[in-house]
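Thanks for coming, everyone. Let me put the structure up, and then we will walk through it.

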Amino acid sequence: MIAALLAANASEPEERIVVIPEGSEISMFSWTMARLVDVTIQLDGNVYASENWEDWPYIDDTVNYVRMNFWSITDSNNVKIMGKGTIDGRGYLWWAREWRQKNGKGGRPFVLYFTRTSNIEVTGILVKNSPYYNVVLYDCENGYLHDMEIYVDVWGQLELSQLFSSPIE
């Protein structure tokens with residue numbers, strides 16, 4: 001994914017597109033890209049966060065460890081994520097470990113995280129089952145999220161609540 005984004009960012013403006021085609025089923029760890037300009041991610045397939053949570057990358061900020069977010073875009077301009085595909089954060093197991101306090105250092109990642117980015121558009125896609133927040137825009141300008149769906153497995157979270165909560169006495 002990083003190689004495709006770098007290639008798109010270096011190409012002519014009308015060619016700055018990364019396509020995840022319909023029928024694709026991709027499992028991946030997190031990635032972070034900075035300084036994207038006029039790049040479109042055409043997501044028509046399905047992308048899943050890796051289930052290998054113990055090897056999930058960290059950011060070492062010298063004070064503590066923070067888990068990297070699934071897709072992070074920073075210091076960028078005119079970034080569009082569009083299509084009819086899905087980004088699945090596979091959050092259920094993260095939630096279960098959180099209830100048992102077994103996620104280890106660094107907490108849980110967000111699915112889509114934008115920081116210091118202008119002119120963002122997210123449309124048409126489904127974002128679901130985030131380990132933490134689904135979409136975060138931090139210190140951004142002109143974010144336009146529309147005609148998309150965010151799905152949270154409320155029943156799965158209620159099930160975990162019943163499994164791990166002690167009865168009120």
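Two strands pair if DSSP finds at least two bridges between them. Helices (H or I, at least four residues) and strands (E, at least two) are DSSP runs, numbered from the N terminus. This is a predicted model, where local features need pLDDT of at least 70, side-chain atom pairs count only at pLDDT 80 or more, and totals for chains, interfaces and linings use all residues. Residues are numbered from 1 along each chain as its sequence is written, and side-chain values use heavy atoms, with hydrogens and water left out.

Start with the strands. Strand β2 (residues 25-28) runs parallel to strand β5 (residues 46-49), and four bridges join them. Serine 27 has tyrosine 48 in β5 as its bridge partner. Next, β5 pairs with strand β10 (residues 86-88), again in the parallel sense, over three bridges. There, tyrosine 48 stands opposite aspartate 88 in β10.

Now β8. Strand β3 (residues 31-34) is joined to β8 by four bridges, and the two run parallel. Alanine 34 faces threonine 74 of β8 in that pairing. β8 also pairs with β11 in the parallel sense, over four bridges. In that pair, tryptophan 71 stands opposite leucine 112 of β11.

Is β8 covered on one face or on both? Both faces are covered: Trp71 and Ile73 on one side, Ser72 and Thr74 on the other, are all buried. Buried means under 20% relative accessible area, exposed over 50%, and partly exposed in between (1.4 Å probe, protein chains only).

That brings us to the core. A nonpolar core is a set of buried Ala, Val, Leu, Ile, Met, Phe, Trp, Tyr and Cys residues joined through side-chain atoms within 4.5 Å. The largest one has 29 residues, and those with the most contacts inside it are Phe70, Trp71 and Leu112. Strand β4 (residues 37-43) gives the largest share of this core, three residues.

What does tryptophan 71 touch? Contact means heavy atoms within 4.5 Å. Leaving aside neighbours within four places in sequence, the contacts of tryptophan 71 include Met1, Ile20, Trp31, Ile41, Leu43, Val111, Leu112 and Tyr113.

Leucine 43 is on that list. Leucine 43 lies in strand β4. Its relative accessible area is 0%, so leucine 43 is buried. Leaving out residues up to four places away in sequence, leucine 43 touches Ile20, Trp71, Ile87 and Ile125, among others.

On to the pocket. Rolling a probe the size of a water molecule over the atoms shows where empty space is left. On a 1 Å grid over the protein atoms alone, a pocket is an open set of points where a 1.4 Å probe fits, with protein on both sides within 12 Å along at least five of seven lines; lining residues have an atom within 4 Å of a point. The largest pocket holds about 250 Å³ of space. Which residues lie nearest its centre? Of the 15 lining residues, they are Ile59, Arg67, Asn69, Ser72 and Tyr113. β7 (65-67), β8 (71-74) and β11 (112-115) each supply at least two lining residues. The lining divides into six nonpolar, seven polar and two charged residues.

Next, a contacting pair. Lysine 128 sits in strand β13. At 25% relative accessibility, lysine 128 counts as partly exposed. Its contacts beyond four places in sequence include Thr86, Asp88, Asn134 and Tyr151. Asparagine 134 lies in the loop between β13 (126-128) and β14 (135-138). Buried or exposed? Asparagine 134 is buried, with a relative accessible area of 11%.

Glutamine 101 has a phi near 55 degrees, a positive value in a residue other than glycine. Glutamine 101 is in the loop between α2 and β11, and is exposed at 72% relative accessible area. Aspartate 139 also has a positive phi, about 55 degrees, although it is not a glycine. Aspartate 139 is found in the loop between β14 and β15 (141-146). At 55% relative accessibility, aspartate 139 counts as exposed.

How values were computed:
Points joined across faces, edges and corners; volume = space filled by probe spheres on them. Nonpolar A, V, L, I, M, F, W, Y, C, P; charged D, E, K, R; others polar.
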